[in-house]
Amino acid sequence: MSPETAPLAAIETADLWIVMLGLGIGSFLLRFAFLGLVGNRQMPEWLLRHLRYTPVAVLPALVAPLVVWPSATGGDLDPARLTAALVTLVLGVWLRRTMLAILGGLAVLYLMLWMLG
Amino acid sequence: MTSYADPSAQASTRPVFFQGLRDGAPFLLVVSPFAMLFGVVATEAGLTVYEALVYSIAVIAGASQFASLQLLRDGAPVVVALVSALAVNLRMAMYSASLTPYLGDAPLWKRAVAAYFLVDQSYACSIVAFEKHREWSTAQRMAYFFGVILPICPMWYAMTVVGALVGSAIPPELALDFALPITFIAMVSPMLLTKAQMMAAGVAILLALVFAGLPYNLGLLIAALAGMMTGAALEKRLEDRS
């Protein structure tokens, strides 16, 4: 897998276009699945109950690995990024203001990156 | 702030559209470097500028674009590249389901257009706003959604081209890689009001870390589903008790 020793073969044009368009169509169908096909039909109560928790479950799950193993540091735990994430969380829960939490988190991030330089 | 209470302005979509625009604008900081990086990686993989642009227009989902391109470069079979990248995008179906109670009344063509533009950022902004402004009509919700999209998605296309042409990404010292985590944490944390919501988030975070090593982003799906089930089960129990 080392790029120096094994030069990568060029991607076949046909392969590229199949993946590109197939992924485009497939992704659209995933996005359209409920919005388009269910529409305004009433969904069962148990499903709605689960869907109410989609944002508070999916978005933290999406972010957690990025916080603990940031790609920018090659996957190593980074004190600056971890602290910034925790500060953002505390500010968001405490102040309930998204913009302030973002600004606070970024301020801590840059401050820590600069201090740990 | 605009006065939503004014009955004559109740169906007005303009102020809501601009609110969406404002809420979406900060994501330019997140989307631009990511799209540029895709342009760079795409040209390095031998794609033309045009092909890189079509990629971004057809898919508009960063992580799956990177994943599929990497697999193709590594010489993986087309089916493997396609299925893996689609698995990365399975969360979009969750987003779609989650927004359906809010947008399901809109005309089909509008729902189709919104579906195409359903990305992490537009979902996160919309669900936060829709939960907060329960009084919004479906038309207003759609207006908000498209307001959020307007700065983000054209920038996704444009910055892909810039990256492909310039061939260099934004310097890593700016640490813009971390703008996305911070923004999403800042959006979700104010939503954590009840015990059920906190537990849902806690379980999702824990399992996302435990299963981070699984292929095809499966860890994310397991964690998200477990989080949703935790929240729903707790809510039901508290409801039954009262």
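Two residues are in contact if their C-beta atoms, placed from the backbone, lie within 7 Å.

## Basis

This is a predicted model: local features need pLDDT of at least 70, side-chain atom pairs count only at pLDDT 80 or more, and totals for chains, interfaces and linings use all residues. Residues are numbered from 1 along each chain as its sequence is written, while chains are lettered from A and ligands numbered from 1 in the order in which they are written.

## Chain A: fold and extent

Chain A has 5 helices and 0 strands. Helices (H or I, at least four residues) and strands (E, at least two) are DSSP runs, numbered from the N terminus. The order from that terminus is α-α-α-α-α.

Among contacts in chain A between residues at least 6 apart in sequence, 35% link residues at least 24 apart. The C-alpha trace spans about 55 × 50 × 20 Å along its principal axes. Buried residues make up 41% of the 117 in chain A. Buried means 20 or more other C-beta atoms within 10 Å of a residue's own; exposed means 12 or fewer, partly exposed lies in between, and C-beta atoms are placed from the backbone.

## Annotated spans

An unreviewed UniProt entry lists residues 16-39, 51-72 and 84-113 of chain A as "transmembrane region". Positions follow the numbering used here, feature names are shortened, and annotations may be inferred rather than shown by experiment.

Residues 51-72 of chain A are 73% helix and 0% strand, with end C-alpha atoms 33 Å apart. Residues 84-113 of chain A are 93% helix and 0% strand, and their end C-alpha atoms lie 10 Å apart.

## The A–B interface

Here 65 residues of chain A contact 78 residues of chain B. On the chain A side, α1 (13-37), α2 (45-51), α3 (54-68), α4 (79-95) and α5 (98-116) each supply at least two residues. The largest share, 19 residues, comes from α1(A). This side divides into 46 nonpolar, 14 polar and 5 charged residues. Ala, Val, Leu, Ile, Met, Phe, Trp, Tyr, Cys and Pro count as nonpolar; Asp, Glu, Lys and Arg as charged; the others, Gly among them, as polar.

## Helix α4 of chain B

Helix α4(B) covers residues 62-73. Its 12 residues reach 17 Å from first C-alpha to last, close to the expected 16 Å at 1.5 Å a residue. The expected span is 1.5 Å times one less than the number of residues.

The buried residues of α4(B) include B:Gln65, B:Leu69 and B:Leu72. The buried set packs against α1 of chain A, and against α2 (28-44), α3 (49-59) and α5 (78-88) of chain B. B:Gly75 follows α4(B), with a positive phi near 80°.
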